[in-house]
Amino acid sequence: MKTTHIEHIGIAVSNLQESIKYYEDILGLKCYKTEEVPDQKIRTAFLMIGETKIELLEPTDPESTVAKFIEKRGEGIHHIAFAVDDLVSGLKDAESKGVKLIDTVPRKGAEGLQIAFLHPKSTYGVLTELCEDQAKK
Ligand code: CMX
């Protein structure tokens, strides 16, 4: 698989507005967008640093996977997303090498990207997202 850069780091937070203040006031980043993702029952905020985004994730429902993550493990790094050239072939490659996929086919993620998750039980504990930006092609 060809990975080009870290597209974003997903961070689970209980309070989006409070956490944005930390990234803006202390780290000097700028939140350029917030977006509700009803499918995932989350509200997200995006901040850019270099080629990489910080994606803050606030659950909007106790049944959200992010709500369950915070309940079990507390706030913190939830996933790392790698940009890949070709998501479909990347997924096939990972699966053929024994990695358990959460998404066997790409789905639409935030910011119009095609995304798919690999299971943290086969990625050394890190929930891993692969994403492809078809608009850049
Ligand atoms: N990172 C690492 N490990 C995680 C994890 C995470 N983010 N979330 C769950 N786990 C671990 C749990 O700690 C648990 O481990 P143990 O069995 O050792 O206790 C195990 O995975 C199973 O966790 P669970 O709480 O029982 O949760 P589920 O099995 O129901 O779901 C997962 C886990 C990863 C399959 C699910 O969260 C998922 O499908 N995630 C992908 C989608 C997602 O995260 N969406 C939110 C972000 C969307 C976006 O960025 O657009």
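A salt bridge here is a side-chain nitrogen of Lys or Arg within 4 Å of a carboxyl oxygen of Asp or Glu. Keep that in mind for later stops.

You are looking at a predicted model, where local features need pLDDT of at least 70, side-chain atom pairs count only at pLDDT 80 or more, and totals for chains, interfaces and linings use all residues. Numbering runs from 1 along each chain as its sequence is written, and side-chain values use heavy atoms, with hydrogens and water left out.

**Stop 1: strand β4.** Of the 8 residues in β4, 7 are buried, so the strand is largely enclosed by the rest of the structure. (Buried means under 20% relative accessible area, exposed over 50%, partly exposed in between, with a 1.4 Å probe and protein chains only.)

β1 (residues 3-12) runs parallel to β4 over 5 bridges, with isoleucine 11 opposite leucine 56. β3 (residues 42-49) is antiparallel to β4, joined by 8 bridges.

Leaving out residues up to four places away in sequence, proline 59 touches Val13, Lys41, Ile42, Ser64, Val66, Ala67 and Ile70.

**Stop 2: helix α1.** Pick residues 16-26 and color Leu16, Ser19, Ile20 and Tyr23, the buried ones. Looking down the axis, they fall within an arc of 105° (taken from the directions from the helix axis to the C-beta atoms), so they line one face of the helix. β1, β2 (31-37), β3 and β4 are among what covers them. Just after the helix, glycine 28 has a positive phi of about 75°.

**Stop 3: the charges.** The count is 11 salt bridges. Which residues are linked in a network of them? Select Glu7, Lys33, Glu35, Lys53 and Glu111. Zoom in on glutamate 7 and lysine 53, whose closest N and O atoms are 2.6 Å apart. This pair ties β1 to β4, parts 46 residues apart in sequence. Are they buried or exposed? Glutamate 7 is buried at 9% relative accessibility, and lysine 53 is buried at 9% too. Lysine 33 meets glutamate 35 at 3.4 Å, N to O; they are partly exposed, at 29% and 22% respectively.

Terms used. Helices (H or I, at least four residues) and strands (E, at least two) are DSSP runs, numbered from the N terminus. Two strands pair if DSSP finds at least two bridges between them. Contact means heavy atoms within 4.5 Å.
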